Amino acid sequence: LPSHATWQELCLSFSIQDLIAALARRAATNPLSFTFWNVRWLVSPHTDAAIGKRGAVCNQILRGTITALVETHWTSADADLWASAFPTATRVLSAPAWGERRGGVALIIPQRYEIISSATLVDGCVLIASVNDIRTQDKFSVIVAYFPPDERTSVLTALKACTLPEGRIY
């Protein structure tokens, strides 16, 4: 897009009111909401960057959004520390797979949902959680996947060998 693009050019013939109405229709017909974020390192909770990232994730939790994080670089101890940063959510994680701080994936699940089961499909790269919406009893699964540049082929090969659950998978 050119740097001088206007909202009118971006929205074509749609008005802002059309866009607001479309978002309202979407919210009414699809109450599920997901965020996927490559956080590119989220270890120390005390840095300015981490404080901002924690605030962004907390905002998603308050909206009831299931949040998938990749490249957390969390060890199990880091994940325990970060659990206190999201007290109204449950976190599921797969720590970095290579014995060092590379990769790592997590799902942050708001309290509107209960986790039925979870499993790491590929260490540090792919995890799945089967979830139940407490309000509607709607059951589904969520996968978070990270494909490191040097490991894409091996992660895809390992993922192909996995057996996935029946039902809807996001």
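This is a predicted model: local features need pLDDT of at least 70, side-chain atom pairs count only at pLDDT 80 or more; totals for chains, interfaces and linings use all residues.
1. Contact, in this note, means heavy atoms within 4.5 Å. Residues are numbered from 1 along each chain as its sequence is written, and side-chain values use heavy atoms, with hydrogens and water left out.

2. Here is the overall plan. The chain's secondary structure comes to 5 helices and 7 strands; helices (H or I, at least four residues) and strands (E, at least two) are DSSP runs, numbered from the N terminus. Along the sequence the pattern reads α-α-β-α-β-α-β-β-β-β-β-α. Of the 170 residues in the chain, 35% are buried. Buried means under 20% relative accessible area, exposed over 50%, and partly exposed in between (1.4 Å probe, protein chains only). Among contacts with a separation of 6 or more, 57% are between residues 24 or more positions apart.

3. Now to the sheet. Four strands form an open sheet in the order E1-E2-E4-E3, with mixed pairing; two strands pair if DSSP finds at least two bridges between them. Strand E1 (34-38) and E3 stand at the edges with a single partner strand each, so one side of each has no neighbour in the sheet. From one strand to the next, the twist averages 15 degrees. E1 and E2 run parallel and are joined by 5 bridges, with Phe 34 opposite Ile 66 in E2. E3 and E4 run antiparallel and are joined by 6 bridges; here Arg 91 stands opposite Ile 108 in E4. Helix H3 packs on the sheet, touching E1, E2, E3 and E4, and its direction makes about 165 degrees with that of E1. Axes here are lines fitted to C-alpha atoms, for helices over the stretch in contact, and angles run from 0 to 180 degrees between N-to-C directions.

4. How many residues of E2 are buried? The count is 5 of the 5, so E2 is largely enclosed by the rest of the structure. In a regular strand the side chains alternate between the two faces of the sheet. In E2, Ile 66, Ala 68 and Val 70 point one way, Thr 67 and Leu 69 point the other way, and all are buried. Thr 67, which lies in this strand, has a relative accessibility of 1%. Its side chain reaches the backbone oxygen of Thr 65 at 3.4 Å.

5. The interior is worth a look too. A nonpolar core is a set of buried Ala, Val, Leu, Ile, Met, Phe, Trp, Tyr and Cys residues joined through side-chain atoms within 4.5 Å. The largest has 16 residues, and those with the most contacts inside it are Ile 66, Val 105, Leu 107, Tyr 113, Leu 127, Phe 140 and Val 144. Strand E2 (66-70), E4, strand E6 (126-133) and strand E7 (139-145) each give two or more residues to this core. A second, separate core of 14 residues includes Ile 61, Trp 74, Ala 85 and Phe 86.

6. Leaving aside neighbours within four places, its contacts include Leu 69, Val 92, Gly 124, Leu 127 and Tyr 146. Ala 145, in strand E7, is in contact with Phe 36, Val 70, Cys 125 and Val 126, again leaving aside neighbours within four places in sequence. Ala 145 and Leu 69 are 76 residues apart in sequence and 9.0 Å apart in space, C-alpha to C-alpha.

7. Helix H4 (residues 76-83) has two faces to compare. Asp 78, Ala 79 and Trp 82 are buried. They cover an arc of only 100 degrees around the axis, which puts them on the same side of H4; the arc is that of the directions from the helix axis to the C-beta atoms. The buried residues of H4 pack against helix H3 (48-62) and strand E3 (89-94). Exposed Ala 77 and Asp 80 lie on the face turned away from the buried side.

8. One last stop is Arg 112, in the loop between strand E4 (105-110) and strand E5 (113-122). Is Arg 112 buried or exposed? At a relative accessible area of 15%, Arg 112 is buried. Its side chain is joined to that of Asp 133 by a polar contact of 2.7 Å. A polar contact is a pair of N or O atoms within 3.5 Å; within protein, one must be able to donate a hydrogen and the other to accept it, and residues adjacent in sequence count only if both atoms are side-chain atoms.
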